[in-house]
Amino acid sequence: MKDLDERLVELINQNSSVTLEMQDVADELDLAEKLGMDSMSFVQLIIALESEFGIEFPEDKLLIDYIKRYGNLKECIISQLM
């Protein structure tokens, strides 16, 4: 089974026009800046993440300033899985 980072990077790459490499993954990574993701890309990513992990992002976490950070996305998924 793939670990969380691998699954998350795979979904990010499916919803971005630029490929994120595993060696570039860091909690402080800004997906909007690094990958050029826009608001529509983030909406598609959130839908894909919710479907993949069977979770629902809390409304207060759906702010672009929050979800654009890789570590915040990962933290939100982990908190929903517990």
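Student: Why is the pair arginine 69 and aspartate 30 called a salt bridge?
Tutor: Keep in mind that this is a predicted model. The closest N and O atoms of arginine 69 and aspartate 30 are 3.4 Å apart, and the cut-off is within 4 Å, so the pair qualifies.

Student: What makes this pair a tie between parts of the chain?
Tutor: Look at where the two sit. Arginine 69 is in the loop between helix H4 (64-67) and H5, while aspartate 30 is in the loop between H1 and helix H2 (31-35), so parts that are 39 residues apart in sequence get tied together. There's a network here too: Asp30, Lys68 and Arg69 are linked by salt bridges.

Student: How do you know whether aspartate 30 is buried or exposed?
Tutor: Buried means under 20% relative accessible area. Aspartate 30 has 11%, so buried it is.

Student: What makes lysine 74 and aspartate 5 a salt bridge?
Tutor: Same test: their closest N and O atoms are 3.0 Å apart, and within 4 Å is what's asked. Lysine 74 belongs to helix H5 (residues 70-81) and aspartate 5 to helix H1 (residues 4-14), so this pair joins parts 69 residues apart in sequence. Aspartate 5 has a relative accessible area of 17%, so it goes down as buried.

Student: Which residue forms a salt bridge with arginine 7?
Tutor: That's glutamate 52, with the closest N and O atoms 3.1 Å apart. Arginine 7 is in helix H1 and glutamate 52 in helix H3 (residues 39-53), so to speak distant parts of the chain, 45 residues apart.

Student: Why is arginine 7 called buried?
Tutor: Its relative accessible area is 19%, and the limit is under 20%, so arginine 7 counts as buried. Glutamate 52, at 39%, is partly exposed.

Student: How many salt bridges are there in the structure?
Tutor: Five.

Student: And what does the secondary structure of the chain come to?
Tutor: Five helices and zero strands.

Student: How do you know that the radius of gyration agrees with a compact globule?
Tutor: For 82 residues, a compact globule would have a radius of gyration near 12 Å; the chain has 11 Å, so the two agree. Buried residues make up 39% of the chain's 82 residues.

Notes:
Residues are numbered from 1 along each chain as its sequence is written. This is a predicted model: local features need pLDDT of at least 70, side-chain atom pairs count only at pLDDT 80 or more; totals for chains, interfaces and linings use all residues. Side-chain values use heavy atoms; hydrogens and water are left out. Helices (H or I, at least four residues) and strands (E, at least two) are DSSP runs, numbered from the N terminus. The radius of gyration is taken over C-alpha atoms; the globule rule is 2.2 Å times the number of residues to the power 0.38. Buried means under 20% relative accessible area, exposed over 50%, partly exposed in between (1.4 Å probe, protein chains only). A salt bridge is a side-chain nitrogen of Lys or Arg within 4 Å of a carboxyl oxygen of Asp or Glu.
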